[in-house]
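My notes follow, in the order I made them.

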Amino acid sequence: MSWQWIVASISFSYLGLLFAVAYYADYRAKQGRSLVNNGTIYTLSIAVYCTSWTYYGSVGRAAVSGVSFLPIFLGPTLMAALWWLLLVKIIAIAKTNRITSIADFIASRYGKSPILGGMVTLFVVIGVMPYIALQLKAVAVSLDVLIYYLDVEVGAQGPPPALGNDTAFYVAMILALFAILFGTRHLDASERHEGMVTAIAFESLVKLGAFLFVGLFVTYGLFDGFGDLFAQAMAKPELRRLMTFDAVPGGYASWFSMTFLAMMAVVFLPRQFQVLVVENVNQSHIRQAAWLFPLYLLAFNLFVLPIALAGRLIFADLGLEPDTFVLTLPIYGKQDWLALFVYLGGLSAATSMVIVEAIAMSIMVSNDLILPLFLRMRIANRTNLSGMILYLRRGIILGLLLLGYLYFRLIGESHTLVSIGLVSFAAVAQFAPPILLGIFWQGASRRGAIGGLLAGFLVWSHTLLLASFAKSGWIAESFLTHGPWGLSWLKPEALFGLTLFDPMTHSVFWSIVANIGVLVIISLFDRQSAVEQIQAMNFVNVFEKGAKGGDEYLWSGYVSMADLKELLSRFIGPAQSNIDINNYICNHGYLIPEDEGQAPAHLVAFAEKRLTGAIGSASARVIISSAVKGEELDLQGVMRILDETSQVIEYSQRLELKSRQLEAATKQLQEANARLQELDRMKDEFISTVSHELRTPLTAIRAFSEILRDNEDMEFLDRQKFTEIIIKEAERLTRLVNQILDLAKIESGKMEWHLSEVDLISIAEEAMDATRQLFDNKSVRLIWSAPEHPMMLLGDRDKIIQVVINLLSNAVKFCTANSGVVEIHARETPEEVGLAVVDNGIGIPPSSLDLVFEKFHQVHTAIDLPLGTGLGLTICRRIVERHHGRIWAESELGKGATFIFILPRNHGPENQNHDEQ
Amino acid sequence: MPVEILIVDDAPNIVLSLEFLMKKEGFSVRSVVDGDAALEAIKIKRPDLVLLDVMLPKRNGYEVCEAVRANPDWKEVRIIMLTAKGREVEQEKGLALGADDYVTKPFSTKDLVVKVRGLLGLQGD
């Protein structure tokens with residue numbers, strides 16, 4: 001049997017095995033015993049990153065330029081360290097918004113923009129096509145090399161023939177078939193493919209295993225271990241320099257730019273986004289992947305340099321393609337079955353990449369490129385679209401692989417594997433700015449993203465794609481050497497005269513600078529639409545509770561429940577749509593609306609989300625807006641709704657304020673009421689007190705009058721004494737009544753004040769004249785130290801005289817007869833004048849010093865005190881206060897008392913009519 | 001043994017008139033001007049009847065009345081409250097605290113004497 005048939009049958013058996021693995025995984029998933037729900041499978045599926053390019057190409061690259069193969073591994077390792085920050089957020093956003101592709105992610109972030117989704121998809125197709133071509137080339141070359149060299153001795157007859165047959169075409173078709181079988185068996189809203197993921201993980205094991213076997217064989221089979229191999233290599237100068245940076249084209253700059261590209265590629269390549277984000281079952285798997293994936297890459301790297309060096313040593317002069325060393329070395333070592341295993345490893349690397357990439361891209365192309373066009377052209381108004389979408393995707397996969405084949409035929413032969421792959425990496429790196437800025441900066445706008453992407457891709461296609469076309473001879477070489485139209489500053493590998501970097505670094509530098517620059521500048525000056533603002537907020541704040549939602553405001557038009565259900569069922573089938581809607585309604589505790597009734601806005605938003613899962617955010621938006629009658633709200637509309645909401649909030653805040661004011665008013669009323677009650681109580685008490693005070697002299701008068709009447713035989717002296725008492729009590733009664741009236745007048749503000757310039761000295765002397773009799777009666781001495789000048793003030797003369805008389809009569813009242821002394825002193829300052837009345841009577845206890853000015857407060861100290869009314873000092877205080885002065889008492893018990901009042905010179909009392917209390 | 005009367009009032013002229021009236025009836029009369037002095041006087045010698053003003057310094061008439069009634073030894077002491085506050089509440093309060101009668105100021109001297117004699121069980125004139 002010829003090797004051809006063996007290889008063919010083994011290839012098909014292997015692919016069959018893969019399919020069995022996938023089928024088993026799907027079967028387990030259906031049983032609810034999912035295989036993919038663990039971090040190891042997740043990590044192995046991420047290893048789809050290692051394609052045939054890695055498998056064959058990194059050895060080729062190491063053989064030519066030494067350690068320059070390392071960035072392809074270093075980048076992802078660095079990125080894995082950042083996953084906890086980036087990937088976790090991206091996955092959370094994708095899950096929340098049911099995002100199923102990188103194009104959808106960007107479109108959704110920037111206001112569910114169909115243009116952006118289409119653009120990204122287009123760029124992905126253009127950018128990643130070379131990559132698919134690369135895989136086809138790798139598989140085809142490996143097949144040809146394997147079959148050729150298995151039949152002839154390696155190195156015996158020179159290099160293998162150029163690829164003349166259509167191996168690559170058959171490979172493309174077989175891979176397309178596989179991708180279709182794996183990825184488009186049914187339309188799943190989450191776009192998760194457990195079978196595919198399991199098969200990919202399995203393939204990752206196979207390719208790693210095969211590579212390690214080759215490495216071990218080469219190192220220990222063909223050489224005596226690492227030491228021997230490296231010693232032999234070091235002996236040759238051209239190999240020794242491979243182990244230093246000298247061999248790296250572009251030096252450190254290139255090394256770093258490639259590390260950067262690999263960092264971006266491991267997340268933003270369509271297939272990486274598919275396995276990392278879309279196929280992610282549980283976010284906790286990231287934790288394991290973050291260390292296990294770098295470990296996998298390390299294992300893969302272990303033998304890259306040894307194999308490359310071995311190839312260079314063994315095939316020194318044969319002119320063999322270094323990319324084939326992995327395959328040719330075992331054949332050289334007469335290990336045909338090992339070579340076959342190696343071939344299977346390469347096949348694994350290629351098929352896994354192509355399958356995942358094709359599926360991811362078919363989702364994108366159908367959801368973000370073709371469906372929106374169909375919808376716009378109203379082609380899609382058929383009843384069952386889910387079937388149509390599946391066929392569409394199958395067609396797309398086939399088309400993509402055909403395109404890849406075409407690219408391979410036209411371009412691929414002129415390039416090494418690695419350089420083709422890097423062109424793709426540079427294309428994919430353009431998605432990094434809109435995504436990374438988009439998830440951390442709310443201000444990034446749709447127009448900014450479009451502008452940035454356009455700028456980035458323009459630079460990319462100019463500096464890499466067109467340049468590679470020129471290198472392939474597609475376009476005139478002068479494009480490279482003299483720039484387009486002879487404009488030297490547009491030379492694709494020295495833009496604006498920048499010649500510092502190698503072509504790749506140069507391209508990465510300018511495209512990323514242009515991309516970020518345009519994105520940031522446009523965003524800064526742009527106004528975001530309502531959808532954009534809401535999406536930006538939902539993306540950036542995905543971890544904040546309550547950040548989700550808000551976009552239901554955007555659906556203000558009318559759509560009936562029946563229409564909405566029908567719409568949904570067209571894309572996901574009637575049964576599924578009923579289940580989904582009922583689940584949603586039940587989970588949220590809403591009432592189920594009538595079929596004829598209007599679908600509530602949140603349900604429309606739910607339907608949109610559900611459709612987003614099936615056909616992407618941009619298409620879902622187009623579909624829903626075509627169904628919802630009435631204009632989609634513009635920013636003003638949304639703002640109006642938000643305004644209404646805020647008005648309601650404001651209204652309730654006003655209500656709250658009102659109720660607080662009411663509370664305050666109520667409190668004030670209560671206080672006022674309490675004050676009134678207090679006043680009422682005081683008034684009652686006053687009346688009661690007054691009545692008591694009036695009744696007391698009346699009692700004496702009545703009693704003695706009756707005694708006099710009933711005792712005609714009374715002695716004359718007694719009669720005279722009693723009559724005297726009656727007269728005194730009557731006088732007191734009169735005084736009391738007068739003072740009560742005075743007080744009432746002062747307190748109610750009805751007292752009339754007669755203002756004039758008066759002299760306090762003459763006032764004091766007049767008061768002394770009026771009370772002279774009292775002093776004489778009791779033989780109390782009055783000492784008056786009169787100043788020689790008048791002490792003028794503005795006041796009511798009669799009222800002030802009343803005060804002084806009152807103080808003098810009080811003083812004499814509390815003095816002991818015969819030994820009593822009352823002194824009166826005048827005092828003055830430029831602003832004030834005052835009098836002090838000092839007696840040497842019984843004094844006032846300290847606790848009563850203030851109380852003596854209270855109404856009806858009489859200091860009860862002795863029984864033989866002259867009769868007072870208890871109102872005199874109260875009236876004095878009122879009069880002094882009316883003059884804006886002050887009056888107080890000082891005393892030591894038993895040593896007499898001093899009463900002092902001070903009046904301002906220029907501040908007489910005002911007549912007032914309002915009630916003071 | 002003459003009837004003992006204690007007069008408690010802080011208005012000297014009223015005390016004077018009451019003393020005159022009681023002495024004229026042939027009673028033995030003592031008088032004090034505040035509540036504390038009243039209780040002191042009662043302690044020293046138990047009177048048959050107390051003419052007790054309500055508005056007193058230190059300890060008011062109600063308190064004195066209450067203190068007297070709290071002591072079983074003084075159960076026989078008759079108390080007539082004299083009040084210048086004529087409101088019914090005050091009269092009722094006095095009676096509730098154990099006073100035997102009340103007289104509103106200004107009072108009729110005849111009525112007062114009748115009440116005193118009545119409480120002492122001395123009928124007629």
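I started with burial, where a residue is buried if 20 or more other C-beta atoms lie within 10 Å of its own, exposed if 12 or fewer, and partly exposed in between, with C-beta atoms placed from the backbone. Of the 917 residues of chain A, 49% count as buried.

A reminder to myself: this is a predicted model, in which local features need pLDDT of at least 70, side-chain atom pairs count only at pLDDT 80 or more, and totals for chains, interfaces and linings use all residues. Residues are numbered from 1 along each chain as its sequence is written, while chains are lettered from A and ligands numbered from 1 in the order in which they are written.

I took helices (H or I, at least four residues) and strands (E, at least two) as DSSP runs, numbered from the N terminus. Chain A comes to 33 helices and 7 strands.

For contacts, I used C-beta atoms placed from the backbone that lie within 7 Å of each other. Among contacts in chain A between residues at least 6 apart in sequence, 81% join residues at least 24 apart.

**Entry: the sheet of chain A**

Pairing of two strands here needs at least two DSSP bridges between them. In what order do the 5 strands of the open sheet in chain A lie? I read the order as 2-4-5-7-6, with mixed pairing. Strand 2 (781-785) and strand 6 (886-891) of chain A are the edge strands, each pairing on one side only.

Angles come from lines fitted to C-alpha atoms, for helices over the stretch in contact, and run from 0 to 180 degrees between N-to-C directions. The twist from one strand to the next averages 15°.

I then looked at one pair inside this sheet. Strand 5 (residues 832-839) and strand 7 (residues 897-904) of chain A run antiparallel and are joined by 7 bridges. Across that pair, Leu835(A) stands opposite Phe901(A).

Next came the helices on the sheet. Helix 32 (residues 797-813) of chain A lies across strand 4 (821-828), strand 5 and strand 7 of chain A, and runs at about 20° to strand 5. Helix 33 (residues 872-882) of chain A packs on the sheet too, touching strand 6 and strand 7, and its direction makes about 135° with that of strand 6.

**Entry: helix 31 of chain A**

How far does helix 31 of chain A reach from its first C-alpha to its last? I found 26 Å for its 19 residues, close to the 27 Å expected at 1.5 Å a residue; the expected span is 1.5 Å times one less than the number of residues.

I also noted a kink of about 50° in helix 31 of chain A, centred on Thr771(A). The bend at a residue is the angle between axes fitted to the seven residues ending there and the seven starting there. Thr771(A) is also among the buried residues of this helix, which include Leu760(A), Ile761(A) and Ala767(A). The cover over the buried residues of helix 31 includes strand 1 (755-759), strand 3 (792-796), helix 32, strand 4 and strand 5 of chain A.

**Entry: two positive phi values**

Just after helix 31 of chain A, Ser779(A) takes a positive phi of about 55°. Ser779(A) sits in the loop between helix 31 (760-778) and strand 2 of chain A. Is Ser779(A) buried or exposed? Ser779(A) counts as exposed because it has 12 C-beta neighbours inside 10 Å.

His884(A) is not a glycine either, yet has a positive phi of about 60°. I placed His884(A) in the loop between helix 33 and strand 6 of chain A. His884(A) has 15 C-beta neighbours inside 10 Å, so this residue counts as partly exposed.

**Entry: chain B**

In chain B, 5 strands form an open sheet in the order 2-1-3-4-5, with parallel pairing. The edge strands are strand 2 (28-32) and strand 5 of chain B, and the twist averages 20° from one strand to the next. Strand 1 (residues 4-8) of chain B is joined to strand 2 by 5 bridges, and Val8(B) stands opposite Val32(B).

I looked up one cis peptide bond as well, from Lys105(B) to Pro106(B), with omega near -10°. Pro106(B) lies in the loop between strand 5 (101-104) and helix 5 (109-120) of chain B.

**Entry: where the chains meet**

17 residues of chain A are in contact with 16 residues of chain B. On the side of chain A that touches chain B, helix 29 (635-710) and helix 30 (716-747) are the elements that give two or more residues. Helix 29 of chain A gives the largest share, 13 residues.

Notes: Two residues are in contact if their C-beta atoms, placed from the backbone, lie within 7 Å.
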